Amino acid sequence: MKKLTWLAVAVVAILALALPGCSNGGTTDTTTTAGPLKIRVATDATWAPFEYVNETTKKIEGFDIDLLNAIAAKANLEIEYINVGFDPLLAGMAQGTYDAAISSITITPERAAQMMFSDPYFTAGQMITVKLNNTTITGQASLSGKKIGAQLGTTGEVLAKDIPNATVRSYDEIGLAYQDLLNGQIDAVICDTPIANNYVKKNATALKTVGSALSTEDYGIAVAKGKQDLLTKINSGLSQIKSDGTIEQLVTKWLAG
């Protein structure tokens, strides 16, 4: 009787282990659904129309934000945006403080040594903005000896510092440079073409751009070193939204006109 009792118990135990793995069809279901990968993304939300804080909703929005959200939907990512100044953003990416960053970031060899970059998603350049009544500054050559404003840590600042005999004022926010330009504290601002065009559009009776773009630069999404899997996911999602026309739709939404 004792042996039969133990045999019965063993049979029951085996059935108990087998039942949870059985479906109605008698096959084992090994499918699991992975949740989205959560990432912290830095952005300097002062560069409208690419990234800025909507004064009504207090949320960060713009071309870059829509673009990365579209990538996230394709790549199964969940994003937490952190609004931070551009220079601290670059330092944070170099230190691995953030998983990624999107903020009209030009891909340069110097930056690529400290962080990884996605494939390019937008081509811009540096543009000169002056007051509407300015007739002395017509391009890069006529900036010599002038007071130029640029944002700290940007390629615009680097280019401005290469202008012979120019005085360069570096600002934490590009909006402060444009404020000083409007107030006559500086002679010109150098920044990315879409941002310059946006400020001129908002101040059409006071500002204008002059000359042609001073450079050609590709924007990329920065990814912290060591996060190759994340970079692969972002590039995959970016490839998909390039193919399905999403980027063209974002250009029309944020940059047309």
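Start with the whole protein chain: among contacts (heavy atoms within 4.5 Å) between residues at least 6 apart in sequence, 68% join residues at least 24 apart. What you have open is a predicted model, where local features need pLDDT of at least 70, side-chain atom pairs count only at pLDDT 80 or more, and totals for chains, interfaces and linings use all residues. Numbering runs from 1 along each chain as its sequence is written, and side-chain values use heavy atoms, with hydrogens and water left out.

Now colour by secondary structure. You'll get nine helices and 15 strands; these are DSSP runs, H or I of at least four residues for helices and E of at least two for strands, numbered from the N terminus.

Next, select helix α2 (residues 63–75) and helix α9 (residues 246–254). They pack at an angle of about 155 degrees, axes 10 Å apart, with axes fitted to C-alpha atoms over the stretch in contact and angles running from 0 to 180 degrees between N-to-C directions. That makes the two roughly antiparallel, a label for angles over 145 degrees.

Show side chains here: Phe63, Asp66, Leu67 and Ala70 in α2 meet a set in α9 that includes Ile247, Leu250 and Trp254.

Last stop: Thr43, in strand β1 (residues 37–43). Is Thr43 buried or exposed? Buried, with a relative accessible area of 0%; the cut-offs are under 20% for buried, over 50% for exposed and partly exposed in between, using a 1.4 Å probe and protein chains only. Leaving out residues up to four places away in sequence, Thr43 touches Glu51, Ile60, Asn83 and Ser103, among others.

Conventions. Angles under 35 degrees count as roughly parallel, over 145 as roughly antiparallel, 65 to 115 as roughly perpendicular and the rest as oblique.
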